[in-house]
Amino acid sequence: MQSKIIVLAEHDGKVPREISLELLGLAHRIKEGSEVKAVLLGSGIESAAAELASRGAAEVVYVEGTAVENYNVDAFRKSIEPILNDEAPDLVLIGHTPNGWDVAAPLAGRLGVPLVTGCAQITMSDERTLFTRKAFNGKFVHQVEVTGARPLLATVDKGASAPFDGTTSGTVRKIESRLSLEDLRASYIETRAGETGGLDLREADVIVSAGRGVGGPDKLGVVRELAEALGGQLGASRAVTDAGWLPHEHQIGSSGVSVSPKLYVACGISGAIQHVVGMKGSGYIVAINKDPDAPIFGVAHVGVVGDLFEIVPALTKALREAKGR
Amino acid sequence: MKSLVLVKQVPDANSVFRINAEGTWIDESNLSFAMNDYDRYALEELLKLKDAGKLEEVVALTVGSPEASSVLRTCLAMGADRAIHVKHEASSRLDPLSIARLVVAATRDQDFSLILAGLQADDDNHTQIGGLVAGVLDWPSATAVMSLELKDGGTLRVERELENNELQVVDLKLPAVLSVQTGINSPRYATLKGIMGAKKKPVTTLTAADLGVEATSGLRSVSLSPPPTGKGADVLSGSPDEVATQLVSRIREKTGVL
């Protein structure tokens with residue numbers, strides 16, 4: 001039985017975002033022979049739509065108009081809903097991105113269907129569809145299925161799936177948005193940069209990061225000393241910046257900055273998915289944590305299970321001695 | 001203007017988790033529970049608005065087991081005016097859509113203009129209750145909110161957290177639902193006076209049957225398992241000095257930064 005899968009694509013104004021290509025790749029792998037379509041919204045997006053049609057979508061339905069020029073939950077939800085009703089897909093894939101999850105849940109609520117979020121893998125047979133995701137911030141892998149509802153709605157993690165590796169000669173179909181900005185209950189004002197103090201962790205070769213396990217702002221010294229001994233920058237997990245132990249500019253993760261240093265040392269960081277998304281591109285990852293089950297050990301190259309207040313100073317000392325030679 | 005905060009009782013993150021006998025979720029016996037961290041920020045945001053004279057009432061609601069009433073007590077002690085407890089023995093088996101429907105049914109006709117929730121729960125990490133409630137009510141919503149400001153004329157200006165340290169500024173017409181990101185404020189602690197005063201504040205208790213909502217789950221948990229092993233770190237052992245020496249040689253060998 002052929003299944004229809006719709007990918008809700010994102011773009012950066014001109015070209016499709018990587019997550020959209022990953023979703024198209026996943027859509028083709030979920031079930032062989034599926035009909036894969038994409039939906040795209042924006043203004044001046046014909047070439048982005050054409051690109052999706054060549055990279056995995058048999059048809060791209062794109063909604064053009066000023067109301068959907070910038071992401072807006074009300075306009076997007078109201079534009080997507082009738083397309084899903086017309087197309088009647090079996091499965092809708094949405095990126096687990098800030099705009100993806102922002103629109104996915106209201107859409108699910110309106111359609112009256114469950115939503116599965118943050119999926120890493122989805123498999124579909126004629127009998128059942130299984131969604132693999134994380135629970136407890138990555139401590140466990142959680143597999144769920146949706147019973148008795150259509151369409152199935154899922155958000156998928158960035159980087160969880162490879163883009164479609166072939167080419168397609170899909171068609172594009174334009175829908176003029178009839179929504180007027182005055183009728184909407186949400187309006188986009190602007191996108192602005194968060195506060196920074198001039199620190200750019202994206203340029204650093206070495207980053208030593210502190211997590212909740214450090215315990216308090218007065219205890220950051222050992223981590224800072226290790227960063228200095230390595231000639232690197234000080235990073236942090238969200239828990240540390242939320243608690244005000246370090247300014248937000250130090251935060252690495254899905255909502256902070258994404259980094260790719262040659263060396264990343266995680267001190268007292270459990271490795272919640274939001275943090276891992278921002279640092280997994282690092283060349284070599286060292287993790288020091290007292291919890292042997294911490295998810296950070298799943299992405300690190302080398303790890304030490306133990307008290308960071310013993311390990312980190314010993315490492316700083318050994319590095320200084322090694323450099324002195 | 002009346003406001004509602006959705007809160008959830010979750011296992012303490014420092015707990016030692018065991019998978020249940022069916023292999024479908026954690027074994028919830030012998031765990032200690034606490035209020036979901038994200039929800040503390042949502043409550044604080046409403047309490048701040050009330051302190052500033054912009055809200056007349058802050059109501060806390062949970063859908064949870066009888067024991068989840070302790071989370072509502074925490075909210076009342078922190079400053080919420082009253083609480084609603086939708087009791088459900090097996091609430092961890094309800095899907096978020098069913099919970100959203102219970103929330104909407106429990107608050108219908110109560111004239112709330114602003115509903116806040118935490119961005120996600122630390123146990124199931126679903127990241128959707130705020131948006132689902134907004135969808136069921138057909139209200140506008142925003143997620144990962146890092147600041148909010150009530151403006152004249154029934155409008156709310158919010159800043160949503162995007163990726164790579166960017167924020168999106170959005171205006172929403174009230175009534176609206178927001179899900180709040182951690183770090184938006186510094187949640188207060190309950191004072192002794194607050195804890196004593198909480199005992200006198202009203203808590204309404206309801207069930208799914210009272211609300212006429214069929215609380216089933218369209219989301220079935222098939223399995224819960226530890227993350228796959230095999231990849232992952234090469235774990236070093238020895239004294240701190242021994243592992244430090246090993247780390248230095250690995251860093252030298254693998255990174256070229258020394």
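**View 1. Cis peptide bonds in a predicted model.** Welcome to the loop between strand 9 (166-173) and strand 10 (176-180) of chain B, where P175(B) has its place. This is a predicted model, as are the views that follow. The peptide bond that leads from L174(B) to P175(B) is cis, and its omega is near 0 degrees. Look for P151(A) in the loop between strand 7 and strand 8 (152-156) of chain A. As background for this view, most peptide bonds are trans.

**View 2. A positive phi in chain A.** Here we zoom in on A88(A), in the loop that runs between helix 3 (73-87) and strand 4 (91-95) of chain A. Its phi is near 45 degrees, a positive value in a residue other than glycine. For context, most residues other than glycine have a negative phi.

View 3. Follow the strands in the order 9(A)-3(A)-2(A)-1(A)-4(A)-8(A)-5(A)-6(A)-7(A)-12(B). The edges are held by strand 9 (171-176) of chain A and strand 12 of chain B; each has a single partner strand, so one side of each is left without a neighbour in the sheet. From one strand to the next, the twist averages 30 degrees.

**View 4. Strands 1 and 2 of chain A, with helices on the sheet.** Strand 1 (residues 4-8) and strand 2 (residues 35-42) of chain A run parallel and are joined by 5 bridges. Helix 1 (residues 18-30) of chain A lies across strand 1, strand 2, strand 4, strand 5 (115-124) and strand 8 of chain A, and it runs at about 150 degrees to strand 4 of chain A. Helix 2 (residues 46-54) of chain A also packs on the sheet, where it touches strand 2, strand 3 (59-64) and strand 9 of chain A. The direction of helix 2 makes about 165 degrees with that of strand 3 of chain A.

View 5. The order to trace is 12(A)-11(A)-13(A)-14(A)-15(A)-13(B). Strand 12 (233-236) of chain A and strand 13 (234-236) of chain B are the edge strands, each pairing on one side only. On average, and with direction ignored, neighbouring strands of this sheet are turned by 20 degrees against each other.

View 6. Strand 13 (residues 263-267) and strand 14 (residues 284-289) of chain A pair in the parallel sense over 5 bridges, with V265(A) opposite V286(A). Strand 14 of chain A also pairs with strand 15 of chain A in the parallel sense, over 4 bridges; here V286(A) stands opposite V302(A). What joins strand 15 of chain A to strand 13 of chain B? There are 3 bridges between these parallel strands, and V304(A) stands opposite L236(B). Helix 9 (residues 308-324) of chain A lies across strand 13, strand 14 and strand 15 (302-305) of chain A, at about 140 degrees to strand 14 of chain A.

**View 7. Where chain A meets chain B.** On this interface, 85 residues of chain A are in contact with 80 residues of chain B. The two chains bury about 6,900 Å² between them, and 56% of that is on carbon and sulfur atoms. Which residues of chain A lose the most area to chain B? They are F136(A), F140(A) and R185(A), together 11% of what that side buries.

**View 8. The second largest pocket.** About 1,100 Å³ of space lies in this pocket. It is lined by 50 residues, of which K8(B), S91(B), S92(B), R93(B) and D123(B) are the closest to its centre. Elements of both chains give two or more residues to the lining: strand 7 (140-146) of chain A, and strand 2 (9-11), strand 4 (57-64), helix 3 (96-107), strand 6 (112-118) and strand 12 (219-225) of chain B. The largest share, 4 residues, comes from strand 4 of chain B. Sorted by class, the lining holds 21 nonpolar, 17 polar and 12 charged residues.

Note on methods
Residues are numbered from 1 along each chain as its sequence is written. Chains are lettered from A and ligands numbered from 1 in the order in which they are written. This is a predicted model: local features need pLDDT of at least 70, side-chain atom pairs count only at pLDDT 80 or more; totals for chains, interfaces and linings use all residues. Side-chain values use heavy atoms; hydrogens and water are left out. On a 1 Å grid over the protein atoms alone, a cavity is a set of points where a 1.4 Å probe fits but cannot get out, and a pocket is an open set with protein on both sides within 12 Å along at least five of seven lines; lining residues have an atom within 4 Å of a point. Grid points are joined across faces, edges and corners, and a volume is the space filled by probe spheres set on the points. Ala, Val, Leu, Ile, Met, Phe, Trp, Tyr, Cys and Pro count as nonpolar, Asp, Glu, Lys and Arg as charged, and the others, Gly among them, as polar. Two strands pair if DSSP finds at least two bridges between them. Axes are lines fitted to C-alpha atoms, for helices over the stretch in contact, and angles run from 0 to 180 degrees between N-to-C directions. Contact means heavy atoms within 4.5 Å. Buried area is the accessible area (1.4 Å probe) that two parts lose on being put together, summed over both.
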